[in-house]
Amino acid sequence: MEHTIKSKKEPLIHITKRDAMPLWKAILIRVIAVVIALAVSALLVMVLTKKNPGQVFTAMFNGSFQTPRKILNMLQDVAMLLCISLAVTPAFKMKFWNIGAEGQVLMGALASATLMYKLGNTGIPNGVLIPLMFIGSILMGMIWAIIPAIFKAVWNTNETLFTLMMNYVAMQIIQICIATWATSGSGVMGVINSMNEAGWLPQIFGTKYLLNIIFVALLTVFVFIYLKFSKHGYEIAVVGESENTARYIGINVKKVILRTMALSGALCGFAGFLLVSGASHTITKELAGGMGFTAIMVSWLAKFNPAIMVGTSFLLVFLDKGASSIAMECRLSESIGEIITGIIIFFIIGCEFFIRYKINFRSSNKEVAK
Amino acid sequence: MKKIIAIIVAILAIFALAACAVTPTPEPDNTKAPADATDGTGETGETVDYSNFKIGVICLHDENSTYDANFINAIKAVQAKLGLSDSQVIIKTGVDESDACYNAAAEMADAGCKVVFADSFGHEDYMIQAAKEFKNVQFCHATGTKAKVVNLDNYHNAFASIYQGRYLAGIAAGMKLNEMIDSGKITAEQAKIGYVGAWPYAEVKSGYTSFFLGARSVCPSATMVVTYTDSWFDIAKEKTAAENLIADGCALISQHADSEGAPKACEAANVPNVAYNIDTTPLGPTTALISSKIDWEPYFELIINAVVKGTAIPTDYCGTFATGSVALTKLNESVAAAGTQEAIDAAKAKLISGELKVFDTSTWTFEGKTLEEYVADVVDNGDFVKETNVIHDGYFDESNADQFRSAPYFDFLIDGITKK
């Protein structure tokens, strides 16, 4: 309690940092936050729509769990969001604010789509084409991430703005490619190689998306080990804490920034590959669907821990699917689902405050005030 | 300790992912359930029993897009008319033109929908994918081009001869321009129309060309400038595009893009506007003239009744004035020039009788020449190769579903229209 500020007139409320909180207590606070969030949302639904909140929450749950297909689709969405979240994490841990994941994913996707489109009818076997697409996507994602990293490392430019702008450049490049290929001017590429399925990831056990899900599961383990147990992971952590310390202990900061961003971009490119080859088989500028930004939230909520990210990406996908399911089943506007999602996320982020800090009220009792 | 827990959690999570992922294998059994149910609807009773029926409607955006609002309003009206419950009419909005569309369609089929309808051009390939998998569910797609090519019994396209409606709306625009010329507000040379288009695509080009031909049929000095937003739905872009056209001296604005951006910009600048899909009079009480729209109610009713009664749905359907698919919203009398309604009615009667052709080749030229032949990409193999002549008997035969296809294929700039 050394942080407590002693003054003659104590303020009504003051905030102190907590030392450490037992795990069960931290979990309890989070559970309470979710319960309050649900209660507030239920109240709002009742007031605004006169619908039974039970019906609304059932609809929300149905969005992800009603049928085996919905569970599978949910898992695919979790896998894709998790993949991009894993991609942004090393950079964020290094305090390199890469908000260009969207563009990096799109460029990766574009590389895959280009190879699929250009080589699809040449009779090239999938055993060659798919690895080519894989490498192409990873390279493209890497290039798109490393450009701002070079500028940051050499000229110390603002990486937030730079990576953000790179997103829009990527989208425009995609528009140009579609306009060139789909000469009808519709702006729609359509499914590529629907006849011969060239460049499509195979379905294993007859299940769509299964390969995507397995790849991302393996990636989760890899990133977890990389960040926790490798020398690179340690260097990232040190650079993130303090660049000066890193320099002092002989870490080449520029090299770490470039290397980490290259990894981030490569993983984003991989996500783009999975989206094209393992799911949609097309290219649009909406293909990443804002996941490049949502991933940042996933990563932060999990405090950059890949294992917890499995949970946070599930939470966000669950909320998103729930929102559109509410809109569909209850004939409400899409907005009501989004409001509920907002309330829940607000409470979850808000409760972190109570886990890290303690609120002290002024008290006349000397013993309590200490 | 913490590390060990984290690793265990990670491993568990992976197993959980893998385990859950395998569970959906018994899927085919699920998909058969609705199939068996369809056999029951083959009854030949006099009264139509809708109780066993379910339809799913997939929309790209929600009601904020005028395009999607047009579909949503239509299906809701049909629902009310046929006395269907909310659980029999599933509407899913915000479905991207990606795998999301296939997933939505498949989930609807799982939920027992007998017909699944999708409203956006980019949904087509994913609807076809679903149609191949769910043989006993009918899949209908608006604005699509591939139903005749893919040869699936349960996949259908639909559109309407909306170019005729556009032509009539163009007459209202031309009459308004004449009124402005007569009152000395603009000169005959200044009768320039501004058009906000979404994509440089046949559906848009066919729409603005027929609109322009309608306007020029009554106002011979009319010209038109077209600008594209490269997006079906972007309020800010459409508003800016309309403002730029007005700044360029356009005396009247029309649009084929799905937001309220352009009508609102027109109301702010006090420039007359002709809209599409919805009645924009509430948005621009002093500027909205009229809207042409495809009324999807007849088609929805047709597919619902076809499925319930067990009759066939046309592979490629083109709604007309006769089917009630091509419609105009109520003319805003306070904005329109005198005699507009009469002129529209007269032209409509001639269009229905066939006496008047919108794309009569004697009324327009391309690069200074009258066309006697035009080869368009009617058969959509995905190859973008133009292969079919669509001009015969002195007119460009647009949206002829029997001979060609319902989705438009008029895709060039005639003289008098320029691209900005």
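**Exercise 1. Determine the handedness with which H4(A) passes H10(A), and describe the contact between these helices.**

Step 1. H4(A) passes H10(A) in a right-handed crossing; a crossing is right-handed if the near helix is turned clockwise from the far one by less than a right angle, and left-handed if anticlockwise. Helices are DSSP runs of H or I with at least four residues, strands are runs of E with at least two, and both are numbered from the N terminus. The model is predicted: local features need pLDDT of at least 70, and side-chain atom pairs count only at pLDDT 80 or more, whereas totals for chains, interfaces and linings use all residues. Residues are numbered from 1 along each chain as its sequence is written, and chains are lettered from A and ligands numbered from 1 in the order in which they are written.

Step 2. The axes of H4 (residues 101-119) and H10 (residues 253-280) of chain A come within 7 Å and cross at roughly 50°. Axes are lines fitted to C-alpha atoms, for helices over the stretch in contact, and angles run from 0 to 180 degrees between N-to-C directions.

Step 3. H4(A) and H10(A) are therefore oblique to each other (under 35 degrees counts as roughly parallel, over 145 as roughly antiparallel, 65 to 115 as roughly perpendicular and the rest as oblique).

Step 4. Residues of H4(A), including Ala101(A) and Met116(A), meet residues of H10(A), including Gly265(A) and Ser277(A); contact requires C-beta atoms, placed from the backbone, within 7 Å. By class, this contact has 13 nonpolar, seven polar and no charged residues (Ala, Val, Leu, Ile, Met, Phe, Trp, Tyr, Cys and Pro are nonpolar, Asp, Glu, Lys and Arg charged, and the others, Gly among them, polar).

**Exercise 2. Describe the open sheet of seven strands in chain B.**

Step 1. The strand order is E12-E10-E9-E8-E6-E7-E17, with mixed pairing; two strands pair if DSSP finds at least two bridges between them.

Step 2. Strands E12 (326-328) and E17 (417-419) of chain B are the edges, each pairing on one side only.

Step 3. E7(B), residues 223-228, pairs with E17(B) in the parallel sense over three bridges. Met224(B) has Ile417(B) as its bridge partner in E17(B).

Step 4. Helix H9 (residues 235-247) of chain B lies across E6, E7 and E8 of that chain, running at about 165° to E6(B).

**Exercise 3. Characterise the side of chain B that touches chain A.**

Step 1. In total, 42 residues of chain B are in contact with 46 residues of chain A.

Step 2. H1(B) supplies the largest share of this side, eleven residues.

Step 3. The side comprises 20 nonpolar, nine polar and 13 charged residues.

Key
Two residues are in contact if their C-beta atoms, placed from the backbone, lie within 7 Å.
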